[in-house]
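This report covers selected structural features of the entry below.

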Amino acid sequence: MSNVPAVEFDGVDKYFGETHVLKDIDLEIEEQEVVVIIGPSGSGKSTLLRCVNRLEEIQDGEIRIQGTAITDPDVDVNRLRQRIGMVFQSFNLFPHKTALENVTLAPTKVRGVPKSEATEQGRDLLEEVGLGDQAESYPNQLSGGQQQRVAIARALAMDPSVMLFDEVTSALDPELVGEVLGVMRTLADEGMTMLVVTHEMGFAREVGDRIVLMADGNVIETGPPEEFFQNPETDRAKQFLSRVN
Amino acid sequence: MAGTYSDETTVEEPQTDNGLLTDRRVKWFGIAVAGLFTSAVLYLLYRILTDFVDYELMQAVFPRFVDAYVLVLQIFIISSVLSLIAGTLVGLGRVSRTRFTRSIATGYVEFFRGTPLLFQLFIIYLGIPAFWRSSPQPFPIENWSFAAAVIGLTLNHAAYSGEAIKGGITAVPDGQMEAARSLGMSYIDSMREVILPQAARNALAALGNDQVILVKDTSLLTVIAVREIMSVFRNVNSNTFDAWTPIVLVALAYLAITLPLGKIVRYLERRSAWGEGHE
């Protein structure tokens, strides 16, 4: 692996109107690293994620993907987004398309992959997330956990170099959380670079290479899971951990 | 983890009416009113068809109604397709993030919804040929009343369809566009593949409604010399003083367009269920 970080935040500032939601964020995510971002709601975790693929614009600083600044005027935002997979809290599957069509749409439309090839790849991906038998189902015929797994397959179909997970289990019934986390764990084991915003502390501890605690738009503390959960350095981290545990 | 949850579908059937929420007295009142209404209509219809319709006259004027019907059907189909295409553009303009585009689309809708169709038909039918008055060349379009009819109906109904489609687009959750764009799809691809199919379903009832109104609006075309259904009616009526014979034919002609239209709309509704409620 090269020494260029997969994702790099360099003094990133983000405002919603008057509200300063990201305050001078510096953060590096190495290739194949799984970084789990935790923190209370409203701390800017999701916004941080959404800035990476420019669903939100930053006002100051720079975000670099494999060394390329995403705000560079030469960067084609559609090409940039192809390299960054994103999975949302509310799944956002396309309801008028089957599971398989959800997965094959972007490769055929954006990459011009022939339909037969995309279908084959799509079936493989659905198989990987454990939904090989649901290829022809529409999203509203699937459970939340199944829908979210299709959403992961859909993002993987573009062969991204980084995956962003934005509270992907928060909208799920408790008994369906495990199947989605299972898919994410497999992805992490396969060496995918992942940026995960979650409230699942068990997952953070077990799968994360590094934990980032955010509060009020700041990165409060960052460190390997064992250290972070056993011996948090800052009072803010101690306070947060005492509340979630 | 795989497959074990496949029986966990989130499709929930709406509670069917089990009668617990109905009131027996209201129910019988409804049946009485509907029954009375039906008997009155059937009696009237029977009297009309036996005593007031002249079947020889009906046979004689039937071909003229068929001609008018075919003409109206042609105008309807062409205007319908064109107004849906133009309406989609109007709808996209109405949701544009660019203020200029949005206000032009809004102005278009305000004008065509805010002035009578009759007036718009005259603008086109009389107004456009007037540009040629001072020129040495004659007005080039031969069957101008047909063309003017199509242009007028298209422009007018593009405004109504546009509003319906705008409503349909607005009702699609923002997450759909975000998901499409975050896959690297362009704005145009996202609109075409993801947003518009859902918007069309959301707008289907309103669009179908407007298409029925479009059929009925062809009755105004008599003022710009289109030999449509109502003009044949008036002609027959003033020549024979018979009212009910041509009335029956007019009713049949319009219903022969609007009833199949309703069927098409319901077919499209079923086709866009996307797995809801069955399987």
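The text below goes from the sheet to the salt bridges, then to a single residue and a patch.

The model is predicted. In chain A, four strands make up an open sheet with the order β2-β1-β4-β5, and the pairing is antiparallel. Its edge strands are β2 (19-29) and β5 (68-69) of chain A, each of which pairs on one side only. Strand β1 (residues 7-16) of chain A is joined to β2(A) by seven bridges in the antiparallel sense. Within this part of the sheet, A:Val7 stands opposite A:Ile29 in β2(A).

Over all chains, a search of the whole structure finds 17 salt bridges.

| Salt bridge | Distance, N to O |
|---|---|
| A:Glu179 and A:Arg149 | 2.3 Å |

A:Arg64 counts as buried, at 16% relative accessibility, and A:Glu8 counts as buried at 14%. A:Asp10 is partly exposed, with a relative accessible area of 34%.

The side chains of A:Glu179 and A:Arg149 form another salt bridge. A:Glu179 belongs to helix α6 (residues 174-189) of chain A and A:Arg149 to helix α5 (residues 144-156) of chain A, so the pair ties together parts that are 30 residues apart in sequence. Both A:Glu179 and A:Arg149 are buried. Salt bridges with shared partners join A:Glu8, A:Asp10, A:Glu62 and A:Arg64 into one network.

What surrounds A:Glu221? This residue lies in strand β10 (residues 218-223) of chain A and is buried, with a relative accessible area of 8%. Leaving out residues up to four places away in sequence, A:Glu221 touches several residues, among them A:Ile211, A:Leu213, A:Phe228 and A:Pro232. The side chain of A:Glu221 reaches the backbone nitrogen of A:Glu233 at 2.8 Å and makes a polar contact with the side chain of A:Thr234 (2.8 Å).

In chain B, a nonpolar surface patch consists of B:Ile77, B:Ile78, B:Val81, B:Leu82 and B:Ile85, with about 410 Å² of accessible area together. B:Ile85 lies in helix α2 (residues 55-94) of chain B.

Key. Residues numbered from 1 in each chain as written. Chains lettered and ligands numbered in written order. Predicted model: local features only at pLDDT ≥ 70, side-chain atom pairs only at ≥ 80, totals over all residues. Heavy atoms only, no water. Patch = residues over 30% accessible without salt bridge, like charges linked within 9 Å, V, L, I, M, F, W, Y side chains within 5 Å. Areas by Shrake-Rupley, 256 points an atom, 1.4 Å probe, with all protein chains shown as cover. Salt bridge = Lys/Arg side-chain N within 4 Å of Asp/Glu carboxyl O. Helix = DSSP H or I, 4+ residues; strand = E, 2+ residues; numbered from the N terminus. Pairing = 2+ DSSP bridges. Buried < 20%, exposed > 50% of the residue type's maximum accessible area, 1.4 Å probe, protein only. Contact = heavy atoms within 4.5 Å. Polar contact = N/O pair within 3.5 Å; in protein donor to acceptor, adjacent residues only side chain to side chain.
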